[in-house]
Protein chains: 2
Amino acid sequence: MSFFFNKNQSFSEETKIPHVVILGGGFAGLAAGKALAKYPVKITLVDKENHHLFQPLLYQVATAGLSAADIAQPLRHIFCGQSNLTTLMDEVVDFDLDASKVHLRSQSLSYDYMVIALGVTTGYFGNHQWARFAPGLKTLDEATELRRRVLSAFERAELAIDSDEASLWLTFVVVGGGPTGVELAGAIAELAQHVMAKDFRHIDSTKAKVHLIEAGPRLLSAFPEGQSSYAHKRLKHMGVKVHLNEPVTSVSTDEVTLSQSSIHSGTILWAAGVEANSVASKLGQAPRDRAGRLEVGADLMLPNYDNVFIAGDLARLSDFKGKQVPCLAPAATQMGRHAAKQIVQHLAGKPSRPFVYFDKGNMATIGRSSAVANYRKISINGYFAWVAWLGVHLVFLMGMRNRISVFLNWVWSYLAWRQGARIITKKLPGRSESSISTSSA
Amino acid sequence: MSFFFNKNQSFSEETKIPHVVILGGGFAGLAAGKALAKYPVKITLVDKENHHLFQPLLYQVATAGLSAADIAQPLRHIFCGQSNLTTLMDEVVDFDLDASKVHLRSQSLSYDYMVIALGVTTGYFGNHQWARFAPGLKTLDEATELRRRVLSAFERAELAIDSDEASLWLTFVVVGGGPTGVELAGAIAELAQHVMAKDFRHIDSTKAKVHLIEAGPRLLSAFPEGQSSYAHKRLKHMGVKVHLNEPVTSVSTDEVTLSQSSIHSGTILWAAGVEANSVASKLGQAPRDRAGRLEVGADLMLPNYDNVFIAGDLARLSDFKGKQVPCLAPAATQMGRHAAKQIVQHLAGKPSRPFVYFDKGNMATIGRSSAVANYRKISINGYFAWVAWLGVHLVFLMGMRNRISVFLNWVWSYLAWRQGARIITKKLPGRSESSISTSSA
């Protein structure tokens with residue numbers, strides 16, 4: 001008995017149909033795959049995870065508002081109706097661009113065209129040793145790890161035998177004042193102020209301190225200045241201590257050192273930088289920025305290889321009109337779609353076209369009933385921005401089941417002041433065991 | 001500034017109020033804590049997790065039907081309104097029964113009364129080396145690990161380069177024909193037959209084989225014989241191969257050896273035995289059965305210690321009427337409540353009372369629209385038993401948010417033939433990496 005479908009056994013022999021390999025199932029890879037649905041190509045989409053992740057809501061998994069499955073959708077399910085696309089759960093290990101081959105862990109693929117949309121991971125400006133003390137937030141596993149650390153900190157404070165130890169565990173540091181940092185700091189402050197307040201007997205969780213550290217002169221630097229100061233004011237009101245112009249000089253197990261001061265904290269979270277997916281370093285001589293992102297032109301082509309396109313956060317470029325393309329989901333989607341169009345143009349023997357970024361604006365949430373949003377010259381802050389934020393994120397979330405689940409979780413949290421997913425899974429982080437026994441000795 | 005509440009700072013000095021320590025936040029520990037709500041005692045509930053887990057639905061987390069947070073509830077939240085109870089997230093390391101002390105990882109507690117409700121873990125009949133090849137299903141982390149293995153197996157089959165390898169990954173073995181084994185085997189068969197069928201391009205997931213291995217002469221041995229054969233017939237119809245009278249003699253990375261035959265399988269799950277929580281071995285000379293469960297009398301007292309009670313799965317006993325008390329949630333709840341009553345009796349200077357088990361019947365689900373249920377002499381099979389099963393589990397699940405979420409997930413899966421949580425988190429299990437590279441070499 002064969003476990004294989006016959007029709008697909010012979011798939012690889014249909015050599016006349018061009019083979020498009022898409023690396024990465026994020027916003028860019030997904031858009032590229034979908035844009036090619038009706039063209040006579042066979043597509044292989046490779047991702048090392050089995051799911052597309054809706055990263056804009058990842059911080060809510062990290063702060064116990066949502067479950068992991070609420071913001072992820074199996075890639076196979078997304079494409080189950082698109083017969084020209086095959087999904088492989090596999091990892092890229094190397095490239096042979098001259099032979100038009102990509103080597104995966106389990107096999108090698110030959111391609112006629114390739115779209116590289118592998119995205120970025122958390123970056124530490126060369127100090128990768130800080131990663132274990134201050135984990136970042138780019139994947140579901142990292143979100144679960146952050147949730148474990150944040151919830152465990154309250155438990156450890158409750159077990160603390162003196163005020164110093166309680167203080168350590170009730171002090172949270174978030175490094176990085178961009179949207180993710182602002183969202184994390186706000187959500188942790190709300191957990192401490194409201195959600196946790198009635199649950200503990202020994203500690204007063206409302207006395208927890210949340211520090212938000214930003215190296216630059218203002219929060220949310222991609223937003224207009226008025227919105228930066230609104231966010232700053234709101235966070236201050238929520239009890240978050242914002243540090244501006246204070247770059248981090250070192251991070252250890254329970255301390256963050258800044259240029260002028262240092263903060264003792266049992267829970268340090270990193271939302272300060274990005275770094276190209278490490279496999280992108282195997283792309284030969286291509287020019288890169290300091291974060292390892294590939295510098296490409298407005299045609300999205302990898303220099304010297306006109307059948308390889310870069311899309312999403314991994315690409316660093318100014319568009320046709322000279323506008324720097326930001327690391328945002330709508331930009332990634334547009335780039336993925338453009339890369340697909342370039343392939344279609346090429347197949348038709350037509351010349352390539354430059355990418356034009358259509359700016360859909362920008363938004364970030366600060367806390368309950370409070371967000372900032374802008375679109376071209378319109379900026380709104382506060383409640384209406386928050387409602388807009390909720391609506392936009394629900395609409396762009398993939399899958400009706402996830403939309404319903406996220407919506408109900410939000411309604412529940414709003415009405416009951418309760419996060420639905422306050423569950424610690426896996427053991428408490430190892431290093432913390434010892435800090436408890438040290439301080440109780 | 002103090003991080004502590006003052007009123008609780010002095011809690012430990014109120015020496016006149018008897019201190020009850022409850023170990024374990026499962027059904028028994030929870031019931032004991034709640035039953036003491038209105039009595040003048042101070043209670044400390046200790047659990048190494050931060051949540052109460054609704055174990056009867058754990059198999060649905062393992063088979064991607066529900067998210068972890070749907071079947072767990074933070075213990076602090078459950079007891080946030082009960083002012084005489086403090087929750088500690090900590091682990092028991094040893095006992096000093098003569099001094100009425102229990103040693104936790106972070107501190108030692110003195111008690112006037114103690115209820116030990118630490119439950120059981122998966123048992124391998126002395127072959128603990130099988131655990132890494134065939135994980136069990138007792139905690140949320142184990143459920144996530146099972147889900148990862150089951151979903152990854154389909155992904156690995158899709159990557160397989162020959163039929164032998166695909167066969168290995170499309171063969172699933174569940175060891176143990178009790179309710180958990182039956183539920184797991186049925187759910188995996190439905191995943192392969194229906195949910196996964198449209199998602200893959202290379203493999204035909206409907207050709208997956210699910211084996212259910214039972215050492216005894218029939219499935220569901222705690223149920224009437226008619227229900228065993230109903231379950232057997234239904235599973236066969238769903239494509240599950242049931243092996244009876246075939247004890248497992250060895251388990252390795254990709255093979256289960258039975259007395260007469262052996263099965264190659266990439267995914268082996270264990271639902272065959274239980275073993276007392278290992279810390280119960282520190283309870284001195286108390287008599288135990290082969291699984292390490294403590295043999296107690298109908299008063300639930302630990303022999304020689306009239307202030308220590310054993311409740312839940314960890315207790316092995318026949319009740320006042322000579323009936324063997326089963327390892328079921330309702331029995332654990334009743335024992336927990338009885339232990340609390342014994343403490344109240346003792347405080348009032350009244351004699352102890354024997355435990356009487358009230359049999360609320362038994363139920364197990366086999367698959368979509370198919371379950372068995374019995375109550376005293378009434379047995380029902382099929383659709384109505386399944387509806388009853390859904391209803392009973394929804395009612396007893398803790399927390400309205402979880403009930404709504406589970407209900408909607410069930411409706412969604414039923415209508416859409418889709419499991420909502422088909423997300424692989426964490427890396428693929430390490431050993432499998434090598435088996436893939438071996439076979440593609």
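Copies are superposed here by least squares on the C-alpha atoms of residues with pLDDT of at least 70 in both. The structure shown is a predicted model.

**View 1. Chain B laid on chain A.** A turn of 180° brings chain B onto chain A, with a shift of 0.0 Å along the axis.

**View 2. The contact between the two chains.** In the interface, 56 residues of chain B are in contact with 56 residues of chain A. On chain B, the elements that each supply at least two residues to the side touching chain A include β4 (72–74), α4 (75–78) and β5 (85–89). Helices α5 (140–159), α6 (163–169), α11 (400–416) and α12 (430–440) of chain B also each supply at least two. The most comes from α5(B), which gives 7 residues. By class, this side of chain B has 26 nonpolar, 17 polar and 13 charged residues. Of the interface residues of chain B, 100% are also interface residues in chain A, so the copies meet through the same surface.

**View 3. The overall build of chain A.** Chain A holds 12 helices and 25 strands. Its C-alpha trace spans about 70 × 60 × 40 Å along the principal axes. The radius of gyration is 23 Å; a compact globule of 441 residues would have one near 22 Å, which agrees. Of the 441 residues, 52% count as buried. Contacts between residues at least 6 apart in sequence are the basis for the next value: 64% of them join residues at least 24 apart.

**View 4. An open sheet in chain A.** The sheet has 6 strands, in the order β5-β2-β1-β9-β21-β20. Its pairing is mixed. Strands β5 (85–89) and β20 (301–302) of chain A stand at the edges. Each has a single partner strand, so one side of each is left without a neighbour in the sheet.

**View 5. The pairing of β1 and β9 in chain A.** Strand β1 (residues 19–23) and strand β9 (residues 113–116) of chain A run in the parallel sense. They pair over 4 bridges. V21(A) has M114(A), in β9(A), as its bridge partner.

How values were computed: Residues numbered from 1 in each chain as written. Chains lettered and ligands numbered in written order. Predicted model: local features only at pLDDT ≥ 70, side-chain atom pairs only at ≥ 80, totals over all residues. Rg over C-alpha atoms; globule rule 2.2 N^0.38 Å. Buried ≥ 20, exposed ≤ 12 C-beta atoms within 10 Å, placed from the backbone. Contact = placed C-beta atoms within 7 Å. Pairing = 2+ DSSP bridges. Nonpolar A, V, L, I, M, F, W, Y, C, P; charged D, E, K, R; others polar.
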